[in-house]
Amino acid sequence: MAEFSWDVRSPLDRALVSGAHGAHGDAGVSLTEIRDFDLIQVMARRGKAADMATAAKARFGIAAPETPKAVRTADATLIWSGPDQFLVLSKGGGHGTEALAQPFASSASLSDQSHTRVLISISGARALTMLAKLSSIDLHPDAFPVGAAAATSMDHASVTLWRGNDRDGLAVFNVLVFATFAESLWHTMLDSAAEYGVDISHSEDMA
C-alpha cells in the first residue's frame, strides 16, 4: 500500500512574497497572513440558542457576540458569524473541536474551519483608505469601532471582517476568507495598496 506524506502549506504559499511592494518609502499598509490557527464554528441547534449562550459564557468567561461584533478572551477571539452562531479563533488546540465538544454537546454543532479559511491582518496608516476600495462598509472609527465585525464581501468573495485592538495608535483589521478565494483577494489587496507602499509578511502569532 502506498504511503502518503502530506505537506501542509498555506493557500497563499505561492502568492505571498515577504518584503516591500509598491510605492517606495515608508509602507502605508501592512499585510500579514496569520498561519497555524484553530477556527471552530459554533452553531446553535434548533431552540438551543439560549443554552448555547450559557455554555459559551461558562466556557470562555465572556458572552459570545449576538450581534456583529468580536470579543476577546485571554486566549481566543469569538466572532459573530450569523444569527445564533459564532466563530472561535485561537491557537494551540486549547479551543479546538475536541476541547469544545463536551461544553457544547447538548446545545450546538461544531464545524472545524481551520483549514478552510485564510486569515489576513491589515494595518498601517493607509489601511482604512485601502480597504475602502474593497468594502462597501463604512469603516470609519465612528461607524466601525474596535470590536465591530461584519459578514460581508470583498472582490466578490465572502469574508468575515472585524476590527481588532489598535496597534501603535493605528487601526488593525482582520479578514477571514475561504481558502479557494484567498489568492485572488490577496492580489486585489496588493493592487489596491500598491500606491501607498506595502509591507508583506506572514506570522504564526495572532494579531
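## A buried phenylalanine

F86 is buried, with a relative accessible area of 1%. The model is a predicted one. F104 is also buried, at 0% relative accessibility.

## Aromatic pairs

The count of aromatic pairs is 2.

F144 and F173 make a stacked pair, with 6.4 Å between centres and 25 degrees between the planes. Here the link is between distant parts of the chain, 29 residues apart: F144 is in the loop between α3 (127–132) and β9 (149–154), and F173 is in strand β11 (residues 170–178). Both F144 and F173 are buried.

## A charge over a ring

R117 lies over the face of F178, 4.1 Å from the ring centre.

## The whole chain

The protein has 4 helices and 12 strands. Its radius of gyration is 18 Å, close to the 17 Å that the globule rule gives for 207 residues, so the protein is as compact as a globular protein of that length. The C-alpha trace spans about 60 × 55 × 30 Å along its principal axes.

Of the 207 residues, 45% are buried. Among contacts between residues at least 6 apart in sequence, 67% join residues at least 24 apart.

Conventions:
Residues are numbered from 1 along each chain as its sequence is written. This is a predicted model: local features need pLDDT of at least 70, side-chain atom pairs count only at pLDDT 80 or more; totals for chains, interfaces and linings use all residues. Side-chain values use heavy atoms; hydrogens and water are left out. Rings of Phe, Tyr and Trp (its six-membered ring) pair if their centres lie within 6.5 Å; planes under 30 degrees apart count as stacked, over 60 as edge-to-face and the rest as tilted. Buried means under 20% relative accessible area, exposed over 50%, partly exposed in between (1.4 Å probe, protein chains only). Helices (H or I, at least four residues) and strands (E, at least two) are DSSP runs, numbered from the N terminus. A charge sits over a ring if NZ of Lys or CZ of Arg is within 6 Å of the ring centre and within 35 degrees of the ring normal. The radius of gyration is taken over C-alpha atoms; the globule rule is 2.2 Å times the number of residues to the power 0.38. Contact means heavy atoms within 4.5 Å.
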